[in-house]
Amino acid sequence: MRQPHGDEPVAEDGSGGTAGNHDPTVALELERLILDAPRRYTPYQAARAADVPMELATRFWRAMGFPDIGQSRALTDGDVIALRRLAGLVESGLLSESMAIQVARSTGQTTARLAGWQMDTFLENLTQSAEPGLTRADVAYPLVELLLPELEQFLVYVWRRQLAAVTGRVVQAAEDHEITSGRLAVGFADLVGFTRLSRRLEEEELGELVETFENTCSDLIAGQGGRVIKTLGDEILYVSEDPATAGEIALSLIEALAEDDTIPALRVGMAFGTVTQRMGDVFGTTVNLASRLTSIAPKDAVLVDGQFAAALEQNGSVAPPDSEGPGLAEALSVAAGMPASGLPVPGPDDGARFHLQPMWRRPVRGLGLVEPWLLSRHLKAE
């Protein structure tokens, strides 16, 4: 692809061309409105103006998610200021160079998805209701002009709120290693038969189904104190510091989605243990185990691992067994690899919220032999 020259418009992703727009001036006018500055610099000139090595400036630019633009005069004073600020954080010692790159990458990835969703949604809805003969290009400029200041302020507000919540969790961690490698309950919620269903649905219907699924799950998870890590179309990954909260979320998800006949059945797999957290994502054996349990869970059911079950037992969230035989604490201790004496004996079930049923042990790819437990609500006798 050729590189743009001079003030030739650059597509949304920063590459050459006009992103399918038949009128190049529309893209350029929108860019000027949004960036609030004219194009002045080539990448080399911007790096020199910011007093940042070209190699570092290129790394920042790519980390934010933009392709190389050669020597096009496509950058503004805002780009120079951003480069200067990032480099200043490194020079002051507040961030290492690798950390600054991570800041650029995480911010770029998050805002790219946000910006794409916002413009697709706003333009689609308003274009449908626009007067006959009006195109997206006709609608875009006044729409952006009205929404831009409001969305900018709201974005800063939500970011500060999220930052305050994350900072609170970090400063309350007992040890430094808990910040990046703490113990969490990890849950995967997965729609059953989604691949087959997607072949039968029109694209618009499929999009509506996924949006309903993601919105319902995200609202419920956040409302009950969990954290959504990511959504993958037919699957959502969430975490919670408290296994009981994660269990309540899982059962509530199944109950809520069961009321919507347009959404397939749900299955959930959960595990509890050490989790590595990086750039808003989670990794490690606990995450892998939760994913594997999801793949073997029956529809409209929740499977948990032994550590998860033991944690519920320890905090008194599980009802004692109804039948004679080995106590629940002993059974859970074996499943979790813990001595029976290390777990409390179940007491009265006044505060019990869950019922646990051991399932057959089975091999799980990459994790060996696993004994899952079926989690359900504890129904108290009338």
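Predicted model: local features only at pLDDT ≥ 70, side-chain atom pairs only at ≥ 80, totals over all residues.

Reader: Okay, how many residues does the largest nonpolar core have?

Author: The largest nonpolar core has 37 residues, and those with the most contacts inside it are Y238, L253, L266, V268, M270, V302 and V304. Helix α10, which covers residues 243-258, supplies the largest share of this core, namely eight residues.

Reader: And what is V302 in contact with, leaving aside its neighbours within four places in sequence?

Author: With those neighbours left out, V302 is in contact with A250, L251, I254, V268, M270, W373, L374 and L375. There is also a second, separate core of 21 residues, which includes Y41, A74, A100 and I101.

Reader: Switching to helices, at what angle do α9 and α10 pack?

Author: Helix α9 (residues 203-223) and α10 pack at an angle of about 140 degrees, with their axes 10 Å apart, and α9 passes α10 in a right-handed crossing. On the α9 side the contact is made by F213, T216, C217, L220 and I221, while α10 brings I249, S252, L253, A256 and L257. By class, that contact has eight nonpolar, two polar and no charged residues.

Reader: What about α2 and α4, how far apart are their axes?

Author: The axes of α2 (residues 43-50) and α4 (residues 77-91) are 8 Å apart, and the two helices pack at an angle of about 50 degrees, so α2 and α4 are oblique to each other. Their contact is made by A46, A47, A49 and A50 of α2 together with V80, L83 and R84 of α4.

Key
Residues numbered from 1 in each chain as written. Heavy atoms only, no water. Axes fitted to C-alpha atoms, helices over the stretch in contact; angles between N-to-C directions. Helix = DSSP H or I, 4+ residues; strand = E, 2+ residues; numbered from the N terminus. Parallel < 35°, antiparallel > 145°, perpendicular 65-115°, else oblique. Contact = heavy atoms within 4.5 Å. Core = buried A, V, L, I, M, F, W, Y, C linked by side-chain atoms within 4.5 Å. Buried < 20%, exposed > 50% of the residue type's maximum accessible area, 1.4 Å probe, protein only. Left-handed = near helix turned anticlockwise from the far one by under 90°. Nonpolar A, V, L, I, M, F, W, Y, C, P; charged D, E, K, R; others polar.
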